Amino acid sequence: MAEQNREPFSIPAELAILPLQEAVLFPNTVMPLAVTKAHGIKLVEDALKNGTPAGVVALRERDASPPGPEDVYTVGTVAIIQKMIKVPDGTLRCIISGTVPFRVIEFTQAQPYLAARVEQLEEVTVESDELTALVRNLAAQYTKLLSFLPSAPKELELEVNNINDPNLLSYFVGSTMRLETPDKQAVLEERDTLARLRMLTAFLTRELEVLELGHKIQSDIQKEMDKNQREYYLRQQLKAIQDELGETDPAQADVNELREKIDAAKMPEDAHKAASRELDRLGKIPSASPEYSVIRTYLDWLVTLPWSVTTEDSLDIGKARKILDEDHYDLEKVKDRILEYLAVRKLKNTLSGPILCFVGPPGVGKTSLGKSIARAMHRKFVRLSVGGVRDEAEIRGHRRTYIGAMPGTFIRAIRDVGSANPLIMIDEIDKVGADFRGDPSSALLEVLDPEQNNSFRDHYLDLPFDLSKVLFIATANQLDTISPPLRDRMEIIALAGYTQAEKIVIARKYLVSKQLQNNGLTPRQCVITKDAIEAIVADYTREAGVRNLEREIATVCRKVARKIAEDSKHVARVTAKTLSEYLGKQRFFAEVAKRTATKGVATGLVWTPVGGDIVFVESSVMPGTGKLTMTGQLGDVMKESAQAALSFLRTRSKDLKLADDFFNKHDVHIHVPAGAVPKDGPSAGVAIATSLVSALTGRKVEYGVAMTGEITLTGQVLPVGGIKEKVLGARRAGIKRVVLPARNEPDMVEDVPADVRRTMKAVYVEELSQALKEALGTAMITPVVTANGRRNGRPLPTAAR
């Protein structure tokens, strides 16, 4: 409280100094004070005993104890101790009254408390219109400040309006405002009344801005709360009235039900706003309106989507490995990739799902592998087949302007499984089509892009949906038909065909037990021996996968089941000798010996979407005019390979001991059987050249030799792709020796299983002369060797020098 009309006060030349923590005493104000430190208690007791005032100053630092001269400000206020009460704990409670300001000239004592020589400070007040305006403005602002503080005493407003002295007003405002200690000290030290009033006006303006902003925030929050409470209260009243009258509106009941579902769906903010907006529209539209059903269906989709529902991944690496091994044999690369993802996911919880693409022939377990991965990770599984899909709206959905519009296949799948992080298998992605309705493969770019699919926008929903938590796995039989941008977004994992030994293990470990169970048989009722399985693999199937193998085993089980149904005591033991009773006559035979027994026939290795295979290249030479005929539905690249092989051999007619005009007087016919099947690619170059040399020289190709490789006009053999598939196809056909380009040796060593490499001999060649020597028993033509022992600019292998 400010004290007015105080008589002039003179101060002693030396005062005891009482420091205050986080407080400043102003002249003509009263302050309650708690004295707890020993030096303060001693000072108060001495001042009361001697009847002397004390000098009160503010501490610079809060924790200075005991305070020294450097710890206190040098400007303070002379205080009179008006009342003192001792508390049982030994501390004092005082009421002190400020009189006049002073400045410390010199400290004269530090113990038991501070003392100093001081001088009184005078006010510098110049009457002016500006001073009057500042006084009125300060009083008005202070009154406004009090209006934002409901807990402030009413006496403060009366007091400030009754103070006429500008110095007393400034001290009163400074003592009752919320100011930091340095700011209060600055007000006390300022001797110019005009400058002090300006300083306080600035402080008041800043405080008013903060209070007005806080008041606005509080008011907005209160209005929102009041609005929600009012709506809830009115809805409850309306519901009670309708229930009482028996006039419950079905449309309003739908709106209320949808509102509860929207609140429970935990949608993102954008989706919640859109749902609330559409719900408000629904409440204003008559239920008979066509638009009512459109909006209602849209809201049903929004509330049924699992916006925040996810399943917890199983990050137990050992358990996941066990599950993968239980369901699939081999496929180590795929299993390792999934276990790597789980390991990284275990270390970093925010990792988005990988986008994998399994590429391989039919029947190698691509789709079933996806189910096993979902089971190992404890994720929900959904399979989407996009083979033959030609409409872009199948991916992105139809806009709501169309009758019968609905979301795309991905949003529907996520709704059906009820989880935002399922495993989605996109089957047959290489068979996606395109027509006038759009290109679905382009629409898949956003779905399968980890940088974009966190805000996938379906045309029907017209809202971003997070697909980054989904684990996408695509399957394909070949990569050539997948667009390059789409292929670039996926991690390609190749699944080649199985070897004969692997098929036997898969059949014994998985397929037989599965078919026995499917046909209601027990292992005691039907025993399929190992030699029977080997016979099925070799004589009744010829494929890269195991789909036909499983089909044949199912046929055996069905026939056994029929016999047991007729005679319950029947027990079947299926062996290689009795297999024909169940499957009929043998379907596949080793043709290599018979087909290559004629000159002009060579065995080539080919890659197909269903795995590797062999092909027979036949050449025939007859009198004519030098014409080259090629049949068997050969593609342009394969025709060019045949032309290059013939051109190279024409340049080596002397090595083949042919007359110079031989090719001018004879026609050459090259035929690749299975004429109904299109064939293309450069890898048949070596086989075509070998077939031509065999026909020109009359030497037969040795039994059990197959070859692959592209040739050049200079006779070099270039590397080709699909080595693993080709070698496995040769193994299935009974080939014992394969001729491969030298630069494909790493593919053979790294990709082909060890048991296949042990049972087949691989010969690596750099030139056609080496391939001819392996296939025909003699080189027939000499390699091109330079004078420094280099062939075509590269060093010769030791064996060729």
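1. Glycine 408 sits in the loop that joins α13 (393-396) to α14 (409-417), where helices are DSSP runs of H or I with at least four residues and strands are runs of E with at least two, numbered from the N terminus. The model is a predicted one, in which local features need pLDDT of at least 70 and side-chain atom pairs count only at pLDDT 80 or more, while totals for chains, interfaces and linings use all residues. Residues are numbered from 1 along each chain as its sequence is written, and side-chain values use heavy atoms, with hydrogens and water left out.

2. Because its relative accessibility is 0%, glycine 408 counts as buried (under 20% relative accessible area, with exposed meaning over 50% and partly exposed in between, for a 1.4 Å probe and protein chains only). Residues up to four places away in sequence not counted, glycine 408 touches Ala393, Glu394, Ile395, Arg396, Gly397 and Asp458, a contact being heavy atoms within 4.5 Å.

3. Helix α10 (residues 317-327) packs on helix α12 (residues 366-377) at an angle of about 155 degrees, their axes lying 9 Å apart; axes are lines fitted to C-alpha atoms, for helices over the stretch in contact, and angles run from 0 to 180 degrees between N-to-C directions. That angle makes α10 roughly antiparallel to α12, a description that applies over 145 degrees. In this packing, Ala320, Ile323, Leu324, Glu326 and Asp327 of α10 meet Ser372, Ile373, Arg375 and Ala376 of α12.

4. In α22 (residues 636-651), the buried residues are Met638, Ser641, Ala642, Ala644, Ala645, Leu646, Phe648 and Leu649. They pack against β18 (628-631), α23 (662-665), β19 (666-671), α24 (685-697), β21 (710-711) and α28 (768-776).

5. Threonine 690 is found in helix α24, and at 0% relative accessibility threonine 690 counts as buried. Its contacts, neighbours within four places in sequence left aside, are Ala602, Val701, Met707, Leu772 and Ala775.

Technical notes
Expected span 1.5 Å × (residues − 1). Parallel < 35°, antiparallel > 145°, perpendicular 65-115°, else oblique.
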